[in-house]
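Here's a protein to explore, one piece at a time. Have the sequence and the 3D view ready, and let's take a look inside.

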Amino acid sequence: MDLPGVTVDRPAEPVGPVARGPLGSGRPGDRTTASPLARMRRYTTLSFSGMVGVLTGVLVLVTATATRSPAAVAAALLVGALVTVLSLSWEHGPPRSLAIVALVLAEAAWCVSLALGTSAWGALPVAVAVAVVATTPRSGAPRGSAPRGWPWLVGGVLAVAAPPVTAGALGELPSAAVAPVTTSAVVFVLAAWSAYRLNRYQFALYLEIDAARATEAELAVLRERYRFSTDLHDIQGQALHVGRLQLQLADKTLDRDVEAARGHLREAEQLIAQTIAETRRLAYGERTVTLAGEVANSAELIRAAGIELRVDGAVPGAQPLDDLLGLVVREATTNLLRHAQAEHVVIELAPGAVSVVNDGAAPNGRGLSGLARLGDRFAAAGGVLETSQHGGTFRTAARVAP
């Protein structure tokens, strides 16, 4: 909703494709550059598919050298391509049908390669397929589910160890080659599983970092909204209460003193115009608050309300937290005009400190939320804001921590 008299330029709605924010949050991102998470996911996917592609090339070369059979080379290339496609599912797990077909064909290719007399390189497709399946969640499981785990790793080790042992027992593989081939095949499985498992752990850490980054960005937005709402409260809260007071005074004096009533109306009009200007500066980020300005403004408002005011001390020059000290004076003035039936007010000024004391405070006054929020800002900036009440006297004091 627009404020009266204030025009705020709004950014145009995004048109066309917009990059997704971290973790698919839907926050608009850069139009040309993918998010860090998307780049990390793409890099990992290309790394794994490239690695499996290289291993497929090695397998095809070994098969061609050992068998010189076009059919065997074509079969090795087919199985390698299938496992490469399977490796693209390293994050969320492959479809069940793809996993079954890849495991069965890879195991069949391993058995055939042993029958053709090739080396342990024929176990590579089995090792990669088992590693992908063992380190990813079950098909259809919710995102973030745990991977299948150790049973699949044990099953993969048995799947690559059984064929050479069986071939040795049947005499199809020299007994001297059984142990080396079996050991190499098992090492392939363990190495592939370790690589995929380590990558999954690393990617989970990156997801946590990315989620923390997204949370930090959201908190920054919330902090800025909180700051803006507090500043808006400081500007309009005081103006609305003082303007209401001026209108009440105009209403009371209208019958007996028309000129006095007009004076109150003019003061209310000036206050509204000043508030509009302050709100405009806040909307454009041009608003500045100073202790000197707030003391002068509060003194004018307090005296206009017919309350006796005494200012002790002088406003210091440049000092830490000058803007927050000014906000304390503004908030205290707003509260005493709104909640108290004050007759006397004292503003005490000192280097790095200010206090506002008024009488007429209600015995059981309501909590002052504006001062509570301002106290949080003071504490975060390294200052102290305290309030106290003794009888009908209310004191608001702020100071910069030494």
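By class, how many nonpolar, polar and charged residues does the lining of the second largest cavity have? Keep in mind as you look that this is a predicted model. The count comes to seven nonpolar residues, two polar ones and no charged ones.

You can pick out the residues yourself: the lining of this second largest cavity is made by Val52, Leu55, Thr56, Leu59, Gly80, Val83, Leu124, Pro125 and Val128. Helix α1 has the largest share, with four residues. The space inside the second largest cavity is about 60 Å³.

## The largest cavity

Now for the rest of the search. Over the whole structure, three cavities of 30 Å³ or more turn up. The largest cavity has a volume of about 80 Å³. Its lining is made up of Ile235, Gln238, Ala239, Leu271, Gln274, Thr275, Glu278, Asn297 and Arg330.

Which element gives the most to the lining of the largest cavity? That's α7, with four residues. Both α6 (175-253) and α7 (258-283) supply at least two residues each. By class, the lining of the largest cavity splits into three nonpolar, four polar and two charged residues.

## A closer look at Arg330

One of the residues lining the largest cavity is Arg330, and you'll find Arg330 in helix α9. Is Arg330 buried or exposed? Its relative accessibility is 6%, so Arg330 counts as buried, the cut-off being under 20%.

Arg330 and Gly237 sit 93 residues apart along the sequence, yet their C-alpha atoms are 9.8 Å apart in space.

## The second largest pocket

Next up is a pocket. The second largest pocket has a volume of about 400 Å³. It is lined by 15 residues, and the closest to its centre are Leu245, Gln248, Leu337, Ala340 and Gln341.

The largest share comes from α6, with six residues. By class, the lining of the second largest pocket has eight nonpolar, four polar and three charged residues.

## Two helices side by side

How do you describe a pair of packed helices? You use the angle between their axes and the distance between the axes. For helix α4 (residues 124-134) and helix α5 (residues 150-169), the angle is about 170° and the axes are 9 Å apart. Because an angle over 145 degrees counts as roughly antiparallel, α4 is roughly antiparallel to α5.

On the α4 side, the contact is made by Val126, Val130, Val133 and Ala134, while α5 brings in Trp152, Leu153, Gly156, Ala159 and Val160. Sort the residues of this contact by class and you get eight nonpolar, one polar and no charged.

## A stop at strand β3

Let's finish with a strand. Ala353 is found in strand β3 (residues 353-358). With a relative accessible area of 21%, Ala353 is partly exposed.

What does Ala353 touch, leaving out residues up to four places away in sequence? The list is Leu325, Glu348, Ala398 and Arg399. Ala353 and Ala401 make another pair to find: they are 48 residues apart in sequence and 9.4 Å apart in space, C-alpha to C-alpha.

Terms used
Residues numbered from 1 in each chain as written. Predicted model: local features only at pLDDT ≥ 70, side-chain atom pairs only at ≥ 80, totals over all residues. Heavy atoms only, no water. Axes fitted to C-alpha atoms, helices over the stretch in contact; angles between N-to-C directions. Parallel < 35°, antiparallel > 145°, perpendicular 65-115°, else oblique. Contact = heavy atoms within 4.5 Å. Nonpolar A, V, L, I, M, F, W, Y, C, P; charged D, E, K, R; others polar. 1 Å grid on protein atoms, 1.4 Å probe; cavity = no way out; pocket = protein on both sides within 12 Å on 5 of 7 lines; lining within 4 Å. Points joined across faces, edges and corners; volume = space filled by probe spheres on them. Buried < 20%, exposed > 50% of the residue type's maximum accessible area, 1.4 Å probe, protein only.
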